[in-house]
2 protein chains.
Amino acid sequence: MPQFLEYVSSRRAVTQNSTEQSTFHPHLLPHHHRHHCHHNRLCHHARPRHLNHQEAGMHSAQVTPCLCPLFSCQWEGHLEVVVPHLRQIHRIDILQGAEIVFLATDMHLPAPADWIIMHSCLGHHFLLVLRKQERHEGHPQFFATMMLIGTPTQADCFTYRLELNRNHRRLKWEATPRSVLECVDSVITDGDCLVLNTSLAQLFSDNGSLAIGIAITATEVGATDAEM
Amino acid sequence: MPQFLEYVSSRRAVTQNSTEQSTFHPHLLPHHHRHHCHHNRLCHHARPRHLNHQEAGMHSAQVTPCLCPLFSCQWEGHLEVVVPHLRQIHRIDILQGAEIVFLATDMHLPAPADWIIMHSCLGHHFLLVLRKQERHEGHPQFFATMMLIGTPTQADCFTYRLELNRNHRRLKWEATPRSVLECVDSVITDGDCLVLNTSLAQLFSDNGSLAIGIAITATEVGATDAEM
């Protein structure tokens, strides 16, 4: 499959160019914030419904109000200023290009922890969230998903792919990104994302760092699952 | 990506031709057998070491003694008669072809349960094991792995790919098959395989059935991870 080999080698080139830029330490979340979330789950699950209702009644996505997608932040603002908020307040960097590699370091740190990066391509900003969380006590897992900083309707126009490749193993996850107007916590709680147990995360890690290949494509109109 | 579309459509054709042949109900494992396994974990972990030692001292793989790879069976015999044993005693069918689709039905049945199929290609027999198991009480997961009915050295010459594709989501797992001389239970306990939580399994299922695309390729000599 020569096409595939070309894809891999071009991706490797991206890695070498952007390693410094795309290496991030985790954003550690205080435990009391995590507990606050679990005790107010209804609040989190209510958010998307509330926002979808608002969105349906508006003609411009630019003035849709929303919350900061990061777990530990109480900020509220319009969708159009989410990106400056993430950059200025949370100092989250932006990677450019259709295919990038995100290197999450210090994977051994205890849960809960988030690794976050913004990805700019195809005229939009996407947010990768990699979360280490203990859904079963003593058994941390890693959850990775991609959110579009845009509306659910806009998100439906894209497909994202996350790829891990190491130690003679390869794991790929492809799906439609969710909108940041939806709740990243519910996506992860539902497990509708790339899920890694600790042993798989170790197999794919190199010296405590996990390289995640990320690609975004525009979904063709009327595309079926087979054509995704 | 026209190459990819061709691949998908050829795979679909296989599905249509082999649906009847490749639809299997799970092999249910009695609970007391499962408990027996957990209480004797040392025994299971000791098996590969014991067999590798034997294998190292032998010049022909044909006379390597081994146990039946199925969990609930106490049969012991030579590697060369594992396939007739699986066919005659366990009535496990064999699917032919480099790329096949295995349809596991009744995914809702309670854990523990195994779905098993043999896959014949490239001059060898492979065994797909899909297991539903509760590693955390009340949270069943699905584990899928591929074993070569051959020695570890022979297994290193192949790569297998398992693919799920439905509901605008796609999950692919690629790895080197393990030898049936190793213990399938330890592979699954280690989580070094395709792992699905219940919600993901439901997203990929259609009316309680999970279609798993399976492909085997010969690994090139000296192939790196990038070329896998």
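In this predicted model, the side chains of A:Arg178 and A:Asp192 meet in a salt bridge, with 2.7 Å from N to O. A:Arg178 lies in strand 12 (residues 178-179) of chain A and A:Asp192 in the loop between helix 6 (184-190) and strand 13 (194-197), so the pair ties together parts that are 14 residues apart in sequence. A:Asp192 counts as buried because its relative accessible area is 9%, and buried means under 20%. Over all chains, the count comes to 20 salt bridges.

**Further salt bridges**

- B:Arg131 forms a salt bridge with B:Asp114, the closest N and O atoms being 2.8 Å apart. This pair links distant parts of the chain, with B:Arg131 in strand 8 (residues 124-136) of chain B and B:Asp114 in strand 7 (residues 113-121) of chain B, 17 residues apart. Both B:Arg131 and B:Asp114 are buried.
- A salt bridge also joins A:Glu163 and A:Arg161, whose closest N and O atoms are 4.0 Å apart. Both of these residues, A:Glu163 and A:Arg161, are buried.
- A network of salt bridges links A:Glu99, A:Arg161, A:Glu163, A:Arg170 and B:Glu174.

**Surroundings of B:Arg178**

- In chain B, B:Arg178 is placed in strand 12 (residues 178-179).
- The side chain of B:Arg178 makes a polar contact of 2.7 Å with the side chain of B:Asp192, and another, of 3.5 Å, with the side chain of B:Glu182.
- Leaving aside neighbours within four places in sequence, the residues in contact with B:Arg178 are A:Arg169, B:Met146, B:Met147, B:Leu148, B:Ala155, B:Val187 and B:Asp192.
- B:Glu99 and B:Arg178 are 79 residues apart in sequence, and their C-alpha atoms are 19 Å apart in space.

**Aromatic pairs**

- Six aromatic pairs are found over all chains in a search of the whole structure.
- One of them is the edge-to-face pair of A:Phe126 and A:Phe158, at 5.3 Å centre to centre and with 85° between the planes. The pair links distant parts of the chain: A:Phe126 belongs to strand 8 (residues 124-136) of chain A and A:Phe158 to strand 10 (residues 158-166) of chain A, 32 residues apart.
- A:Phe126 counts as buried because its relative accessibility is 0%; A:Phe158 is also buried, with a relative accessible area of 6%.
- A:Trp173 and B:Phe204 form an edge-to-face pair as well, at 6.4 Å centre to centre and with 90° between the planes. A:Trp173 lies in strand 11 (residues 169-175) of chain A and B:Phe204 in helix 7 (residues 198-204) of chain B, so the pair joins two chains. Both A:Trp173 and B:Phe204 are buried.

**Strand pairing in chain A**

- Strand 7 (residues 113-121) of chain A pairs with strand 8 of chain A in the antiparallel sense over nine bridges. A:Ile116 stands opposite A:Val129 in strand 8.
- The hairpin of strands 7 and 8 of chain A has two residues between the strands, and A:Leu122 takes a positive phi near 55° there.
- Strand 8 of chain A and strand 9 (residues 139-148) of chain A run antiparallel and are joined by ten bridges. A:His136 stands opposite A:His139 in strand 9.
- In the hairpin of strands 8 and 9 of chain A, which has two residues between the strands, A:Gly138 takes a positive phi near 85°.

**Annotated domain**

- An unreviewed UniProt entry places the feature "domain: Seven-in-absentia protein TRAF-like" at residues 120-214 of chain A.
- In the model, residues 120-214 of chain A are 19% helix and 58% strand, and the end C-alpha atoms of the span lie 11 Å apart.

Notes:
Residues numbered from 1 in each chain as written. Chains lettered and ligands numbered in written order. Predicted model: local features only at pLDDT ≥ 70, side-chain atom pairs only at ≥ 80, totals over all residues. Heavy atoms only, no water. Phe/Tyr/Trp six-rings, centres within 6.5 Å; stacked < 30°, edge-to-face > 60°. Helix = DSSP H or I, 4+ residues; strand = E, 2+ residues; numbered from the N terminus. Buried < 20%, exposed > 50% of the residue type's maximum accessible area, 1.4 Å probe, protein only. Contact = heavy atoms within 4.5 Å. Polar contact = N/O pair within 3.5 Å; in protein donor to acceptor, adjacent residues only side chain to side chain. UniProt positions renumbered as here; feature names shortened; annotations may be inferred. Pairing = 2+ DSSP bridges.
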